[in-house]
Amino acid sequence: MKIILVGFGIIGKGVLKAINLKSEHLKKKYGLDLKVAAICDRSGAAIDEEGLDLELALKVKEETRKISNYPEKGCKMDILEVIESVNADVVVEVSPTNIETGEPAKSYMLKAFETKKHVVSANKGPLAVSFKELVNAAEKNKLCFRYEASVGGAMPIINLAKETLAGNDVKLIKGILNGTTNYILTKMEKEQLDFDTVLKEAQELGIAETNPHQDISGLDTAAKIVILANSIFGRDVTIKDVNLEGITRITPEALVMANKSGHTIKLIGEVTDKKLEVCPKLVPVDSPLNVMGCLNVAMFDTDLANDIVVVGTGAGDIETASAILSDLINIHQTIKN
């Protein structure tokens with residue numbers, strides 16, 4: 001299977017590292033021989049339809065920050081042109097997220113479908129604003145569209161609900177889907193520090209972005225529950241439909257009061273066939289939803305299996321890449337069958 005990697009940031013690097021690490025395992029267990037035919041970033045691309053040297057690609061990116069500097073195979077080609085012209089089976093789309101318009105990632109995905117390439121994405125932006133359009137484009141061209149990594153990183157949520165729990169009626173999904181806000185609230189609770197102090201520390205540690213607005217406002221979580229609403233509950237909603245409140249008004253005093261009643265406060269996203277909400281909520285201290293630090297958690301309320309809870313790492317390069325590999329294996333098996 002030949003892939004085009006679009007986006008060479010943290011997750012893109014993680015994808016190449018994961019392929020390098022697991023290539024022999026994938027061949028032996030699944031008969032999947034992954035070759036990276038092209039890698040794109042803002043500088044251009046590196047292209048070799050016989051398969052690029054992934055260690056060299058990582059070295060070039062680390063040393064020059066531009067994949068177009070890849071020896072002999074580097075070029076200044078536009079990403080859309082690469083997707084259109086390079087002979088590949090799958091486009092792995094991990095470019096920076098834009099939750100306002102979904103661009104330019106949305107255009108990359110549509111170009112992939114137009115040129116008969118399957119898509120695997122970790123990019124929640126296009127899925128949060130143009131879900132139906134993208135799904136329809138994939139179906140029209142009889143192509144696979146997988147996006148497990150867009151919600152919860154390494155933690156299986158979408159595929160778990162749609163495949164493993166396929167015999168169930170999933171009535172509700174709720175949980176913590178943003179590690180940054182969970183880290184901040186955990187730190188505030190344990191050390192009785194104010195929001196601004198903990199946010200600054202999280203930024204210094206690289207846990208929070210320089211501009212943390214999407215995380216602390218709840219927008220990041222909102223984008224993820226929109227994807228769950230559309231993909232699992234069959235809804236047609238966007239972030240504008242989410243009842244949304246972030247964590248900026250939470251104080252150490254509020255957390256102390258919550259503790260006295262046997263509770264804590266967490267930023268919870270919740271979705272049903274009618275509900276779409278992200279806001280701070282009281283959570284019993286003995287609840288499975290009370291996970292600490294940067295962990296994510298999702299609880300499924302089902303008719304047959306009752307409550308199913310998944311806890312895991314919601315971000316990270318290799319962790320997110322593990323979900324992308326899972327989707328690539330699924331596509332390989334679908335094509336093979």
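The legends below describe close-up views of a predicted model. Residues are numbered from 1 along each chain as its sequence is written, and side-chain values use heavy atoms, with hydrogens and water left out.

View A. Helices (H or I, at least four residues) and strands (E, at least two) are DSSP runs, numbered from the N terminus. Strand β1 (residues 2-6) is largely enclosed by the rest of the structure, because four of its five residues are buried; buried means under 20% relative accessible area (1.4 Å probe, protein chains only). Strands count as paired if DSSP finds at least two bridges between them. β1 pairs in the parallel sense with strand β2 (residues 35-41) over five bridges, and Ile3 has Val36 of β2 as its bridge partner. With strand β5 (residues 90-93), β1 pairs in the parallel sense over four bridges; here Leu5 is partnered by Val92.

**View B. The β-α-β unit.** β1, helix α1 (residues 10-30) and β2 form a right-handed β-α-β unit. Right-handed means that, with the strands pointing away from the viewer, the path from the first strand over the helix to the second runs clockwise.

View C. The buried residues are Ala105, Lys106, Tyr108, Met109, Lys111, Ala112 and Phe113. Their cover includes β1, α3 (79-85), β5, β6 (118-121), α5 (124-140) and β7 (145-146). Lys116, which follows α4, has a positive phi near 65°.

**View D. Packing of α4 with α5.** The axes, lines fitted to C-alpha atoms over the stretch in contact, come within 10 Å and cross at roughly 10°. The two helices are therefore roughly parallel, a term for angles under 35 degrees. The contact (heavy atoms within 4.5 Å) joins Ala105, Lys106, Met109, Leu110 and Phe113 of α4 to Pro126, Ser130, Glu133, Leu134, Ala137 and Ala138 of α5.

**View E. Packing of α7 with α11.** The axes of helix α7 (residues 179-191) and helix α11 (residues 252-260) come within 9 Å and cross at roughly 75°. This makes α7 roughly perpendicular to α11, the class for 65 to 115 degrees. Leu185, Met188 and Glu189 of α7 meet Pro252, Leu255 and Asn259 of α11.

How values were computed:
Predicted model: local features only at pLDDT ≥ 70, side-chain atom pairs only at ≥ 80, totals over all residues. Axes fitted to C-alpha atoms, helices over the stretch in contact; angles between N-to-C directions. Parallel < 35°, antiparallel > 145°, perpendicular 65-115°, else oblique. Buried < 20%, exposed > 50% of the residue type's maximum accessible area, 1.4 Å probe, protein only.
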